[in-house]
Amino acid sequence: MRSSWTKAVVVVMILALAHLTVTPTGWAAEPAKTSSVSTEDPNAGTLSGAGLGAASWLVTLPYGAVKIAFAILGGVTGGLTWVFSGGNNEAAMSVVGTSVYGTYVITPEHLTGDRSVRFLGVPANDASGTK
């Protein structure tokens, strides 16, 4: 019993660290100048911007691990929902979508309040159209 629990914790921790190594290369790309209006972050290249970047990375470590664990448990719960509802895909995807979708990485925009953090996702079949 204890070894299976230990294995589960190790898998969650490995997944949490692995998601930090997968960073889109577009973040490092030079932004294209299409107009004379600057859309760059005013904090970019400043000490404040560096502090926000470091803070977002530090906050992402525990938050991302919890979010990944929640998504995994939501996937398992969604599977059980499908089984116990007699194969109702809509019910299962409602559970899976709510747990799997959402914010995984905290960015400086999240810390400054320019972007909202969504721990719970919006299922794909939500009628409001906001995802």
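Q: Is Thr-107 buried or exposed?
A: Thr-107 counts as buried, because its relative accessibility is 12%. Buried means under 20% relative accessible area, exposed over 50%, partly exposed in between (1.4 Å probe, protein chains only).

Q: What kind of model is this?
A: This is a predicted model: local features need pLDDT of at least 70, side-chain atom pairs count only at pLDDT 80 or more, and totals for chains, interfaces and linings use all residues. Residues are numbered from 1 along each chain as its sequence is written, and side-chain values use heavy atoms, with hydrogens and water left out.

Q: Where does Thr-107 lie?
A: In the loop between H3 and helix H4 (108-112). Helices are DSSP runs (H or I, at least four residues), and strands are too (E, at least two), numbered from the N terminus.

Q: What is Thr-107 in contact with, leaving aside neighbours within four places in sequence?
A: Ser-56 and Arg-115. Contact means heavy atoms within 4.5 Å.

Q: New topic. How do H2 and H3 pack?
A: Helix H2 (residues 47-84) and helix H3 (residues 89-100) pack at about 175°, with axes 8 Å apart. Axes are lines fitted to C-alpha atoms, for helices over the stretch in contact, and angles run from 0 to 180 degrees between N-to-C directions.

Q: What does that make them to each other?
A: Roughly antiparallel. That label needs an angle over 145 degrees; under 35 is roughly parallel, 65 to 115 roughly perpendicular, the rest oblique.

Q: And how many helices and strands in the protein?
A: Four helices and zero strands.

Q: How much of the protein is buried?
A: 19% of the 131 residues.
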